[in-house]
Amino acid sequence: MGWSLENPDGDVETKKVSVSPATEDYGQEAIEAIRAGKVIAVPTDTLYGFACDACSAEAVNRIYEIKGRKHTSPLAICVGDVHDIKHYAVTDHLPLGLLDCLLPGPVTLVLRRGESSILEKSLNPGLESIGVRVPDCNFIRVIARGSRSALALTSANLSGQPSSIDIKDFENLWEHCAYVYDGGILPAGRAGSTVVDLTKLGKYKILRPGSAKEETVAILERHSLLEDGTGA
């Protein structure tokens, strides 16, 4: 579907934005856009997000431009499956089975990138850690698998503005996306994912409560992880 955009003076601009349902029928189109270095808007299991190829410096810069976000604010990545995480971050210090209990789900895991990470150095330069998501949302996982890369993923809104649970919430930004994919009104609310730091052996630290703190903490403690109360 093509949507005409009106500028503040009421004049209809010629820019047309393709809005399509977030179904597998449109998966290949989205994958090709990611491979071409484009930015797309997609639903997740929490919020709507902007996604691009995490290994394309140009595409990542485009996301920062769209959001009006400082480059010092890091982006998370999204991968298609739990077993993909090891290509981008260090996981061998984690208890057996922990990742499969947490993911897919509304959780962002902060892990060390490590020397073997295949992520571009230009993504979050200077940071030794990376936030990783495997959303419980089939559409974005199909895109991540098909792109054969990690997706850089951030909420679909201007920096500092409320997060989006409906594509209409960020209608003013549609024109900056190659495609907008509509998954309806997302039921999880605007809290976003629960962000947990797992960079320390045997420890966890909740960095953002998000929408699944209680369930996440229960899983972490069931795997004998202790809360990191150092404040460091």
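The model is predicted, so local features need pLDDT of at least 70, side-chain atom pairs count only at pLDDT 80 or more, and totals for chains, interfaces and linings use all residues. Residues are numbered from 1 along each chain as its sequence is written, and side-chain values use heavy atoms, with hydrogens and water left out.

**Whole chain.** Select everything. The C-alpha atoms fill a box of roughly 60 × 35 × 35 Å along the principal axes. Colour by secondary structure to find five helices and 12 strands; these are DSSP runs numbered from the N terminus, helices being H or I of at least four residues and strands E of at least two. Of the 232 residues, 51% count as buried, meaning under 20% relative accessible area with a 1.4 Å probe and protein chains only.

**Largest pocket.** Select Ala76, Thr108, Leu153, Val195 and Arg208, the closest to the centre among the 27 residues that line the largest pocket. On a 1 Å grid over the protein atoms alone, a pocket is an open set of points where a 1.4 Å probe fits, with protein on both sides within 12 Å along at least five of seven lines, and lining residues have an atom within 4 Å of a point. The volume of the largest pocket is about 570 Å³, counted as the space filled by probe spheres set on the points. Now show strand 7 (129-133), one of the elements that give two or more residues to this lining. Strand 7 gives the most, with four residues.

**Second largest pocket.** Move to the second largest pocket, which holds about 190 Å³ of space. Its lining includes Val82, His83, Lys86, Pro95 and Asp100.

**Glycine 146.** Finally, select glycine 146, in helix 4 (residues 138-147). Is glycine 146 buried or exposed? Glycine 146 counts as buried because its relative accessibility is 17%. Beyond its neighbours within four places in sequence, glycine 146 is in contact with Ile31 and Arg35, where contact means heavy atoms within 4.5 Å. Cysteine 177 is 31 residues from glycine 146 along the chain, and their C-alpha atoms are separated by 19 Å.

Terms used: Buried means under 20% relative accessible area, exposed over 50%, partly exposed in between (1.4 Å probe, protein chains only).
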